[in-house]
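Take a look at the sequence and the 3D structure below. Then read on for a short tour.

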2 protein chains.
Amino acid sequence: MPGSAIPLGPEPQYEKVVSGYQTFHSPEPFECEWGGILPELNLAWESWGELSPERDNAILLHTGLSASSHARSQKQNQNPGWWEEIVGPGLAIDTNRYYVICTNLIGGCYGSTGPSSTDPITGNPYATDFPILTVRDMVSAQLLLLDHLGIDTLYASVGASLGGMQSLMIASLAPARVQRLASISAAACSHPQSIAMRFVQRQAVMADPDWNEGRYYGRSFPHRGLRVAREMGTLTYRSGPEWMERFGRKRAKNEVPRLDEDFQVESYLAYQGDKFCLQYDPNSYLYISKAMDLFDIAGQGDASGISSEEAPEPHLRAIKATALIIGVKSDILFPVWQQRELARLLEESEIAVTYVELDSPYGHDTFLIEVDQVGAALRGLLAS
Amino acid sequence: MPGSAIPLGPEPQYEKVVSGYQTFHSPEPFECEWGGILPELNLAWESWGELSPERDNAILLHTGLSASSHARSQKQNQNPGWWEEIVGPGLAIDTNRYYVICTNLIGGCYGSTGPSSTDPITGNPYATDFPILTVRDMVSAQLLLLDHLGIDTLYASVGASLGGMQSLMIASLAPARVQRLASISAAACSHPQSIAMRFVQRQAVMADPDWNEGRYYGRSFPHRGLRVAREMGTLTYRSGPEWMERFGRKRAKNEVPRLDEDFQVESYLAYQGDKFCLQYDPNSYLYISKAMDLFDIAGQGDASGISSEEAPEPHLRAIKATALIIGVKSDILFPVWQQRELARLLEESEIAVTYVELDSPYGHDTFLIEVDQVGAALRGLLAS
């Protein structure tokens, strides 16, 4: 319903966002890291290229919070994907050579089991009975899919943002199964300011009376709250330098100012918020953003000082893969000191690591935009 | 009602926040910069020290968005003020030597005319019929008070954040009446990222169904929306380095994580949000934050390039006062490049300017905390 007001009644049509995926069904109970058991698990995924007879050319892509498995167009869904210029024949992640898999996050709303899925025990959506999720849980589900596909070893694991956390996690959790990893605009842990940024977004969703403790399925969706949350998220994904250039102080209309949308940058944020409401389940937003906050793979974030006995399990130092870490100077959500720290921690653990720092004005979203620079770094990793 | 849940019914008791002020009443219609006329005007103010017989020792303090006129304790209100360690006998702003005035913002809810005031024409609160306000309007109201007090010339004009904008504005609007100005953690204009940060806060208030287009007086106040807005505001006032040290990744309780308050930094934000709801009128928040967005005293912010014919009126270059500009490296709301730019613009206009840059971890709120460093710079200005 582009251009129209946000529907407060009907449920978003997530299937319009992602389609043409395959679904791996695991009938076994799936135990989550913080307790809580999912009686069964669905994992939605897409792939490009061919698995070699030796099964040694698979690359696993991990998504960020809101992206789907649709990294690239394919026969069953010909819409352009979010990494259309990175993944494909002859591109940095060359589908003529590699078998590329991208999964939809568990906890999400794009075909994998999440809060909007039906709990087979109750017959109702899980809603907020869904267990607290972690990045480790997300990766454990991916490993089940790899087992199912008979892929013992990944040629590479690649992701940005939350996907970069997953990339570190899978290489730590299953070191023998990951030969190369790329972690872009991610970190060894979420620092308190980025936790705070996501907390306020969750609060915006939960402050909407339509959220109703998460039990809004079949009723009014908390679109107002999710819109504010996404507006705020957008603020953390992009950056000031880009907006100075793109919007400056230009107002949308040269009339008397108003309390609502007025400056062009405001219309941009409102558009991003509106669009997202039709594409994403509010409870998924809560669960997945929380998983990012809980991520800590090196015990670096606790200012009280974590001892090696208490270090998180699995720990970064378990990694055997050759690593590529990419940081972006204008990122305010995962500031560049975090990628520098991550590269240093890997080096200290005697892991072969290449660190690339990009001077782009696009902030946290750079990996979606500066495809030449990101692609060049990825080519380097895959050639290693 | 500290510690209890936010009351969704009753109105906040603003008089508990500020009391013991004087009120200047102007019976004349007050015309606002963007049109709109207030039939009459109240301006609440406090003072410390004595006006000299020559009436040449007055210092005008300007507040930020949420502070009241209560910069320091005084007979009628003995609670500590927000600059208790800066303003007082023998302190940087020495009340043994200077007559110090601090006003409550028009548009606010601390005794000066604002959206919660009764419109004498209708007998109802102005609510969102209140006209769009600007920093120039705020300063015009202060000039009426100075006229009333018979103060032709200010020894100095001092403010931080929005107060720093007012300090620049009064020195531009009435150059002959301001001898010295200090502008702390402010800017020549609001840049698009800080506009965006405030826009999303306003959206949070306006997304609350209780906001009801601003007509909530005598009904349920939009406390949920204002709480989210203030949580987000707090994020922009403080900074990552401080939070790394203060909170790290410590969780409030060592139990299973939850979607709501969990990490200590989250409890801190929630506390700030809750407290504010009992102290501030949501419509005042909208109007005053909008005035900050509209501020542009040098035509610097428009990337499309403003010609000198279109330059804002009044312009920075009208200033005659000796200027002190203070910037803080960790400020994300008014980043330090803006104070550097401001100092440069003043210098280019041949205004005597001292620029001081503080390397504090407290971000935008530094002026409330690093009182020794801020005080020393202010002493320098006042001795000049």
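The model is predicted.

## Two domains in chain A

Chain A is assigned two domains. Domain 1 is made of two stretches, 15-190 and 303-383. Domain 2 covers 195-292. The C-alpha centres of domain 1 of chain A and domain 2 of chain A are 25 Å apart.

The two domains touch. Domain 1 of chain A puts 30 residues into the contact, and domain 2 of chain A puts in 24 residues. On the domain 1 side, helix H1 (135-149) and helix H2 (162-173) of chain A each supply at least two residues. That side of domain 1 of chain A has 18 nonpolar, eleven polar and one charged residues.

## Helix H10 of chain A

Helix H10 of chain A runs over residues 371-383 and has 13 residues. At 1.5 Å a residue, H10 of chain A should span 18 Å. Its end C-alpha atoms are 18 Å apart, so the two values agree.

Which residues of H10(A) are buried? They are A:Val374, A:Ala377, A:Leu378 and A:Leu381. These residues cover an arc of only 100° around the axis, so they sit on the same side of H10(A). An α-helix has 3.6 residues a turn, so residues three or four places apart point the same way.

The face of H10(A) turned away from the buried side carries exposed residues: A:Asp372, A:Ala376 and A:Ala383. What covers the buried residues of H10(A)? The cover includes strands S7 (93-94), S9 (156-160), S10 (180-184), S11 (322-328) and S12 (353-358) of chain A. It also includes helix H9 (366-369) of chain A.

## How chains A and B pair

Now for the pair of chains. A rotation of 180° superposes chain A on chain B, with 0.0 Å of shift along the axis and an RMSD of 0.0 Å. That is the relation of a two-fold axis. The copies meet through the same surface, because 100% of the interface residues of chain A are also interface residues in chain B.

The contact takes 50 residues from chain A and 50 residues from chain B. On the chain A side, these helices of chain A each give two or more residues:

- H3 (192-207)
- H4 (223-237)
- H5 (240-246)
- H6 (264-277)
- H7 (282-294)

Which element gives the most to the side of chain A that touches chain B? H3(A) does, with twelve residues. By class, the side of chain A that touches chain B has 28 nonpolar, nine polar and 13 charged residues.

Terms used
Residues are numbered from 1 along each chain as its sequence is written. Chains are lettered from A and ligands numbered from 1 in the order in which they are written. This is a predicted model: local features need pLDDT of at least 70, side-chain atom pairs count only at pLDDT 80 or more; totals for chains, interfaces and linings use all residues. Domain bounds come from an automatic or database domain assignment. Two residues are in contact if their C-beta atoms, placed from the backbone, lie within 7 Å. Helices (H or I, at least four residues) and strands (E, at least two) are DSSP runs, numbered from the N terminus. Ala, Val, Leu, Ile, Met, Phe, Trp, Tyr, Cys and Pro count as nonpolar, Asp, Glu, Lys and Arg as charged, and the others, Gly among them, as polar. The expected span of a helix is 1.5 Å times one less than its number of residues. A residue is buried if 20 or more other C-beta atoms lie within 10 Å of its own, exposed if 12 or fewer, and partly exposed in between; C-beta atoms are placed from the backbone. The arc is that of the directions from the helix axis to the C-beta atoms. Copies are superposed by least squares on the C-alpha atoms of residues with pLDDT of at least 70 in both.
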